[in-house]
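Open the structure in your viewer and keep the selection panel at hand. We will go from the whole assembly to single residues, one selection at a time.

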Protein chains: 2
Amino acid sequence: MQGNMLIAQSGGPTAAINASLAGAVRRAMDMEEIGEIYGARNGVTGLLREDLIPLREKLVSEADFARLARTPAMALGSCRLRLSETPDETYEKIREILRRHGIRYFFYTGGNDSMDTVQKLAEYLRAQGEDIRVVGIPKTIDNDLGGTDHTPGFGSAAKYIATTVAEIFADCEIYLPASMTVVEIMGRNAGWLTASAALARSHGAPAPHMICMPEVPFDMEKFLARAGELSREYAHLVIAVSEGVRRSDGSYIASDDNRDPFGHQQLAGVGHRLGRVLKDRFGCKVRSIELNVLQRAAGHLQSERDVEEARQVGAKAVELAVAGETGVMAAIRRISSRPYQVAYDSVEIAQVANIERTVPVEWIDRERMDIRPPLWEYLEPLIQSPSQQEPGIPKHFTF
Amino acid sequence: MQGNMLIAQSGGPTAAINASLAGAVRRAMDMEEIGEIYGARNGVTGLLREDLIPLREKLVSEADFARLARTPAMALGSCRLRLSETPDETYEKIREILRRHGIRYFFYTGGNDSMDTVQKLAEYLRAQGEDIRVVGIPKTIDNDLGGTDHTPGFGSAAKYIATTVAEIFADCEIYLPASMTVVEIMGRNAGWLTASAALARSHGAPAPHMICMPEVPFDMEKFLARAGELSREYAHLVIAVSEGVRRSDGSYIASDDNRDPFGHQQLAGVGHRLGRVLKDRFGCKVRSIELNVLQRAAGHLQSERDVEEARQVGAKAVELAVAGETGVMAAIRRISSRPYQVAYDSVEIAQVANIERTVPVEWIDRERMDIRPPLWEYLEPLIQSPSQQEPGIPKHFTF
């Protein structure tokens, strides 16, 4: 007997989340167990309003799937709704709506908060005796989800950051007078994205010269000392900094002076703050660059590997649900880095939801404010485009 | 009799200036009139230090030329040196160095300031009876040079801006609550780059909803009224703003509050300022994004047409010099926009140097704060990749 399928997206955008949507729907179309396929607009919010799109009608040709997979952000829209800790009328309303539409397979794509929703709904529906399987599809540029080697969306953001940092360095080094450039990168608690700036060195460039991640307490004097030391060796420094760097007491660097003379909240963050401190100390030309949302929506610079994995993870989720699993998340298991090999897997949602996975501190070189080789080995395959034999980032010419 | 050639780069980086270098050197290698080919590091500054690179040794294979053409910023490095108004010892030193190295062909690649150098040196050397031909190669993302339909480097920056604005809009529209996003774009006096944000609409997207260029006096109340009007029609507004917008009295919007409580110069500009004003007025979610140097160094997102034209302009400059011309700039003449056709030309340097070409005000819709159709027609061909049959910017999937 057939059951219907519903898929939704949640949390922040990535360049690959639509590839998971494409992968899941494409796989579902091949399965006789699955009848109608709906997409809910704006996650659980849209589900509660029964704002459903019939996806079999909207995704017809292989070209549709290909274009969807290449589209950044979220084609179905997102929400930031968190279900209450104990089941309330919202849970019951969701159950009613799922029953009314004959949904047996429900897929929720997102990060930590979304997996919390998967966990709560799977438990509730099971307790109510419903055969409605709830499976999570991981997604986040931050790469801070446990239970999976890495998250779809991260590789593309990492590729964007590495490419951009290499271009920023090319831009810096054209002039003779010394300069320092601070690049502020997303990742409030996890330094994965900031670390990926290191891949700008893929073809031998020295930038970024320093990498400051939130896993390690930030010490302003050590930071300035290291910048001073490096500035004796290099005319132009590029410094990658996580938006979330903080002191050992937990206070954020970004929040030091976030109000202007009129008491308005300043939009500027840690990059501008550190830029000002560097300018005061060294007096050279200083620039601050905030990569902002560009790093999570850069569909034009997807990592081909990331997109392919995102598709596969979406397809895997469908297979898991059809096989009867619920309260699980589809995951990527790394078999080896060189050569790069992965398998697709399922993980209990309780091992994932609400747990933030940060960079192991033994992968961070505190003294040099840099990453260590195992982190490079972890990151490097994720930005590659295997089919095109393309390097992860463009190789620049130097005289 | 053979003469030697010297080429240098100056001003700010672009994604296509190295393509002009590649085009000029590649053409020179085919000409028997040209002996040695040198590149000066860091423009006239490097020339004065005789910091010369033998380019025949460094650019050997076609792969070298291809990679050079794909490298952003400036492979030879830049400078910001302006020659004095009347010839002084620097002129004479340059003359001596050029003579000592047997230079008969000197190429200077850059914008307004660099063309000023071409004009002064060409006149001086001619007055001294030297047969040293000085020819300018245009380059600037700002597109503010006269005498040429557009400047190499502009098309790639325009493509980056349009692609990025489309991605920013994709990022904005995933949530239900309303938002406004200000994107700050380079171009202190000329709005060409800000106008090119309009190309984000290539595939039907409504963003950017407003375009504010420095050619038109900025009126805060009109700006807020227009934003209010549009916000009744669209949940998510993206507003493209030139860093150089100013009031009718000439005062910059960016300079209103550029000092923090400690008297430090704020790095934030007009984007942050307008973001704060919008937040105060409308209370919705507001973001400010500064494209910063990313827009001038994005080698990974070159316009193929721009790169090809940059090569051709470089080659044309060499042909002009060998044909005996001096005190001229190689230029692009547009024959038609649909189909797009250009020819390569020479223009007297006096018609170019120190003249800033801004956007014709009749191409700007003041009331709607937008561009008019002739400006679209002008801009649209410049971001295309003809050989790949690629559209100017990626087409996103929408349900």
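Bear in mind that the model is predicted.

**Stop 1: both chains**

Colour chain A and chain B separately.

Now select the contact between the chains. Chain A gives 53 residues and chain B gives 53 residues. On the chain B side, the elements that supply two or more residues are α4 (62-69), α7 (154-172), α10 (270-282), β9 (285-290) and α11 (294-297). Pick α7(B) next: with six residues, α7(B) makes the largest share of that side. Colour the side by class and you get 25 nonpolar, 17 polar and eleven charged residues.

Which surface do the copies use to meet? Of the interface residues of chain B, 100% are also interface residues in chain A, so the copies meet through the same surface.

**Stop 2: the domains of chain A**

Select 3-152 together with 299-351 for domain 1 of chain A, then 154-298 together with 360-388 for domain 2. The centres of these two domains, taken over C-alpha atoms, are 32 Å apart. Their contact draws 24 residues from domain 1 and 27 residues from domain 2. The domain 1 side has eight nonpolar, eleven polar and five charged residues.

**Stop 3: R188(B)**

Bring chain B back and select R188(B). R188(B) sits in the loop between β6 (179-185) and α8 (192-196) of chain B. Is R188(B) buried or partly exposed? R188(B) has 15 other C-beta atoms within 10 Å, so R188(B) is partly exposed. Beyond its neighbours within four places in sequence, R188(B) contacts P214(B), E243(B) and G244(B). Then draw a distance to V270(B). This residue is 82 residues away along the chain, and the C-alpha atoms are separated by 11 Å.

**Stop 4: A198(B)**

Move on to A198(B), in the loop between α8 and β7 (210-212) of chain B. Here 22 C-beta neighbours lie inside 10 Å, so A198(B) counts as buried. Show its contacts, leaving aside neighbours within four places in sequence: P208(B), I211(B), I371(B) and W376(B).

Key:
Residues numbered from 1 in each chain as written. Chains lettered and ligands numbered in written order. Predicted model: local features only at pLDDT ≥ 70, side-chain atom pairs only at ≥ 80, totals over all residues. Contact = placed C-beta atoms within 7 Å. Helix = DSSP H or I, 4+ residues; strand = E, 2+ residues; numbered from the N terminus. Nonpolar A, V, L, I, M, F, W, Y, C, P; charged D, E, K, R; others polar. Buried ≥ 20, exposed ≤ 12 C-beta atoms within 10 Å, placed from the backbone. Domains from an automatic or database assignment.
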